[in-house]
Each structure stands twice: as C-alpha cells, then as structure tokens.
Amino acid sequence: LSGGAFYNIRELKRHNRGIKLETLRKVCQESSMDWEKVSDRIRSVGYKERIILRRRRLTAQHAYLLGLLYSTGRVDMKKNSIAFTNASRKLLGHVKTVYKKLFENSRLREYVRGFGLRVCGGEKEVIVLEAYNPVMKKMYEDLVLNHFGLPLNLGWLKRSIVSGFLAGMLDGNGFINLGGRSPEMGFVLKNFEHAKMMLLLLRNLGVLGWLVKTKDGGPFRVVVRSYRSCKSLCKLLYPYSFTKRKKLRILLEKIKKRVDKGMGLDEKPPSFFYTLLSKIMVEDSLPSFDAHYPIMLERYEMLSRNPGTAQALNTVNVSSGCAQGDLLLYGLRVLSDCELVPESIREIEYLDYDGLVYDVTLERAHNFLANGILVKNCCAAWFCPAGTGSGYPKYACRNGPEHGYYNLAIFFYGCNFDCLFCQNWSHKEISTSPQVTVEELVRVTLGNDRITCWCFFGGSPEPHLPFAINASRKILESLKGRRVMRVCFEWNGCGNEGLVKRCGELAFVSGGNIKFDLKAFDPTLSLALSGVKNDRAYRNFSMLFNEFYMERRELPVITATTLLVPGYVDEKEVEGIARFISEHDENIPYSLLIFHPDYMMRDLTITPVSQVKKCLAAAKKYLKNVNLGNVHLLSLAPP
C-alpha cells in the first residue's frame, strides 16, 4: 500500500477506531485489488455494528467465552449471532461481566428458553444470553470449527489462551469427580474428530487424556484420571475457571496431601510400549515414508489405556501397511538398534542451571525421542561429519555418529531480515541478550575437548560476521590441527560478499558447512515475507560453490533449506530453488522444513500434508539429496 490511505488506516488502528468503507475503497484502488471481492468479504463477516477486539489481540478471556460457546452455547453462522445457554445464573452473570469488558458496544439479550433441563426428577430453567457479534462468530469459525481443515485449531496459540478455552469448556459442561480411589476430570466433545484433537491439545500441555464413548452413541468424553495429569491440568485451568474453581482447589489440596505422605504421582508405563518394542526388535526394517499418520493416539489414549498384546500387534501391522512407517515406530526401532532398554523414571530433580547446552544426535536416524515425538537439532545432521562420521579421521572423531561429543551452538541476537514467520523471533529482544567475548568462547572450547563443532546461527550471523570470523580464526589457530574443530554457519545468505567468502574458507578448511536458508525463489515474495529481496543470497551461494564446493565434493561445504510456509512457499517456489541448486550440482543437500505457526503468522496452520508431498516431488525432480525436516509436526498438520 502507498500514500495517504495506508497512513490513514495506520492512524485509525492506533487510536482503536473503525475503518470507513470509503477508506478501504481507496486502498483497493491504490493497491489494484478487486473492490467487489473485498466488499463481499466484509459483508460475509458483517458490519451492522462496529464490534472490535478491545486489546486488538486474542486473550484468554476471549478463549474462555469460545469454550462456553462450544460446550453449552450455539453460533448462527448466517446471522452472525452467538448465544450462551446454561442453567446456572451465577455462571451467566460472570459471562455478562467478561463479555462487557471485551465488547463494550455489544449488548446481550437475556431470555428463558421455552423448555428446561430435567434435574433430579424436576425441571430447571435454561437461561439464554444472545447477541449479534460477527467477531466472536469469526473466531469460533476459525479456531473451533473445521475452517482450516483442523477442528479445535488452538494448539499453536499461547498456553494461556488454550487454558482459557479449556476452562470455558470445563465450566460449561465439564466435570470433576473427587470421589473414588483416584480423581477424575474431563470434557464433553461433540464428535470423534473433536475428541482426537482434544487429546492432542492436552498432550501439548503435558496432560494424558483418555477417550470414552457413551454407551448410547452420544457425545465423546475425554477424561483425565492420573494424579500427575490432574495436577498439571488443575494448575493450568484454576486462574481462568469460575464455577469449578472450588473443586479445582480441593483437588490440588488432595494431591498435595498425597505428595506430603510420600506417595508418588507417576503412572505405570503402558505395556503397549513394551509390546511395540518387542515387535520391532524381531523385524528387520520399516518401509520408507514421505508423510505419516501417527499411532500416538492408538498407543494408549484411544478407548483403552493398556490394550492387550493382540490389539497392540494389530495396530503395528495396520500402521506398517497404511501409515508407511510411523515415526513413533521408527524411533522405537532406533532405540532397539542402539541396544537401549526402556526404564521407568524414578525421580525428577529440578536444578537452576546457567551454562552451555549441547546438540545431540542418534545413530542412523540422527534424531531422538522426546515425549513420544521424534525431534532433532541440526538441519545438516543427516549428512554432516557429526551425524554420519563422513570425512573421518580428518573432519570427524569417529567413523560414525560422534556420540559423547558436542556442538557449541552460538546464537546471535539480531538479523538483517524481518521475517513474518520467524521461528526464532526471540533474537529481537536484544536488550536482554547476554554478552560474550571472543576470549570466553575460545577458553570454554579449549577447556572441553568434547566440543568438536561451532555453529553460528540466531537471528542470523550476517550482522556479526566480523566477530564470528575473528573467533573462528582464533580457535582454529589455538588448536592447530590437534583435534577436530568444525566451523558452521546457518544464515539467510545476504551478507557482505567479502565476509561471506572468508566464512566459506573457514568452513572449508575445518570440515564444516554453510546452510543457506532460501526463503523463496521469487524476489517479490521474499520482499513480502522477509522485507528483503534475497537475490544476494543466490549470488553468494554461487560464489561459494565456485570457490570451494568442487574441491571438497564428497563432504558438501554448502547446503540449503526452505521453510514451507502454507499458501506462500508452494511447489512452484520449491521447484525454482531446486532448479537453481541443480544448475550447480544435483548432489547438493537440500532440506524442506515443515512450518510451525509463530511470530506474526500465528493465524496459519502447520504445513498441510498435501503441500509437503507436492514440494518434495518438485525438489526431487531436480536434486538427488532431499531431506524433510520437522517431520513430527505432520502429526498435527491438516490434509
């Protein structure tokens, strides 16, 4: 956008005022947008009343109201109206208070429904609070319904917002049972798909749920029963719940008494895990996969906490045939290949720590299991010396993965790009960043002979290249070939050509590599997403290839990655990047990374599976070494 229209909109947003249709029409004319389509979009949302979010962002209170709407309310998509229904006047009084704070110019109309709820042989009035509110309707459509191909699309939001939504569901028609040998709390879901998503939401919060279907074929219930999970869920929901807060407090006190008596909160590990492990140890291999459908839910959440051996083996067989290599099974196979034996955690001790953290790798897969999810740290671990032993003995300590050795990850604050989808946007908080000198880095590395790699990333190293070059030269000069020390860079590639060449030389002589994060092939798209036309990145890529690649072709000195931003970086963009790389050498490693909503693009979904498949096919058409990173995110991705 350009000119006075953009300035006008910015000022209106700053003062929390509405935007006139005439102003939007001017903006469309200046930006060559189709006014008819824009006006149709406005009408579909509705503009009969000027209803705006008070703080101009989604809060836990909005999520609380969405949870109530899902559990006991209703939303009319055609009329843009919402209605809170409940028999509790206390709860609806709280709804009025919250609603008035969020939507000062929207009025709730109260009336009693013509039929009531039967309670203990009698009937209880059902009170309705109804209002015209296209904003709440749109939020309900986008986050709760199947608008993005994913029901209950809340997992990417802040924990406080997810907790507010769950608290609204709990206050609406949720339940807490304090009797019996163990506590029980849960939620009522409308269908099976929503119940599965609720289990995943709870898992993201560190809570294990159990899916139960009513005998009469009615709605599904997701129940939380273990002491540990109930404790975690209570702490999350207590600040936002209203009618169930007393029971939550009683449950927390009950759990505290149990801990004080020396009784643990741990659950017994499901026998399903051991059955799977035994099955995998017998087999030789798993089929290859491009994408997967996780059996995590079938593992011990779907209808049965500890399924029998026959059911477990059947799940494995079905997964191998249909899922084409589930990541959980693959991770378990890696564990069995490494001769590790599963062991129950007996005790967890939390310590204050201020010091180095290390990259880790695992043989063959170069990944590791964390909470049932296969993850990894380094984008180049699938081919570099640390993960494979390539270049041994000159560039690697072992003829295989460097178990017991460390990668010193050096995170730079600041970046020369301003990506809307930044996955490490904490680098912008420069005022809170610690300061480290070249001498400190060299001293720490020389004092620990298990450090075999430096990796500069961030943000991005480009604004700090003089520091990185100076530090790298000092550590290599100090060691003088006495031990392996690789220098690697992960960057966007748009740095000064002379400095980039010096970095390439350091990576070349030390056995390291340089990863170019090629955001897009179209410079205009790169400008839109990152604020920078990344044509310099492609020039620097070609320069490093011409200078160093052919002299160390067996151990690539350059590699590239691309983040698959849904709706933006599609197969056409990937094909253009892959074709550019293949014009240099078709064997250059290239990684496609699954997108996770973050920073300014939290309204997007995880990269859809269909987009991932198309992009993989486009890359493999030109390149021989193509890798898919962040694969575990596909378990939450839409089709």
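View 1. At 7% relative accessibility, S510 is classed as buried, where buried means under 20% relative accessible area, exposed over 50% and partly exposed in between (1.4 Å probe, protein chains only). Before going further: this is a predicted model, in which local features need pLDDT of at least 70 and side-chain atom pairs count only at pLDDT 80 or more, while totals for chains, interfaces and linings use all residues. Residues are numbered from 1 along each chain as its sequence is written, and side-chain values use heavy atoms, with hydrogens and water left out. S510 belongs to helix α18; helices (H or I, at least four residues) and strands (E, at least two) are DSSP runs, numbered from the N terminus. A polar atom of the S510 side chain lies 2.7 Å from the backbone oxygen of L506. Not counting residues up to four places away in sequence, S510 touches Y395, L476, M485, R486 and V487, with contact meaning heavy atoms within 4.5 Å.

**View 2. Helices α17 and α18 pack side by side.** Two packed helices are described by the angle between their axes and the distance between the axes. Here α17 (residues 465–479) and α18 (residues 497–510) pack at an angle of about 25°, with their axes 10 Å apart. That makes α17 roughly parallel to α18. The axes are lines fitted to C-alpha atoms, for helices over the stretch in contact, and angles run from 0 to 180 degrees between N-to-C directions; angles under 35 degrees count as roughly parallel, over 145 as roughly antiparallel, 65 to 115 as roughly perpendicular and the rest as oblique. The crossing of α17 past α18 is left-handed, the term for a near helix turned anticlockwise from the far one by less than a right angle, with right-handed used if clockwise. On the α17 side, L465, P466, I469, S472, R473 and L476 meet L499, V500, R502, C503, L506, V509 and S510 of α18. The residues of this contact divide into nine nonpolar, two polar and two charged. For that tally, Ala, Val, Leu, Ile, Met, Phe, Trp, Tyr, Cys and Pro count as nonpolar, Asp, Glu, Lys and Arg as charged, and the others, Gly among them, as polar.

**View 3. Helices α21 and α22 make another pair.** The axes of α21 (residues 571–582) and α22 (residues 609–620) come within 8 Å and cross at roughly 20°. That makes α21 roughly parallel to α22. This time the crossing is right-handed. E571, V574, E575 and A578 in α21 meet K614, C615, A618 and A619 in α22. By class, the contact of α21 with α22 has five nonpolar, no polar and three charged residues.

**View 4. E402 is a buried loop residue.** Look for E402 in the loop between α15 (385–388) and β13 (406–412). E402 has a relative accessible area of 4%, so it counts as buried. Its side chain makes a polar contact with the side chain of T452 (3.0 Å). A polar contact is a pair of N or O atoms within 3.5 Å; within protein, one must be able to donate a hydrogen and the other to accept it, and residues adjacent in sequence count only if both atoms are side-chain atoms. Leaving out residues up to four places away in sequence, E402 touches P385, A386, Y395, A396, C397, T452 and R486.

View 5. G458 is found in strand β14 (residues 451–458) and is buried, with a relative accessible area of 8%. N424 lies in the loop between β13 and α16 (438–446) and is partly exposed, at 33%. Neighbours within four places in sequence aside, G458 is in contact with F411, F412 and N424, and N424 with F411, G458 and G459. The C-alpha atoms of G458 and I410, 48 residues apart along the chain, are separated by 7.6 Å.

**View 6. Helix α6 is mostly covered.** Nine of the 10 residues of α6 (residues 134–143) are buried, including P134, M136, Y140 and L143.
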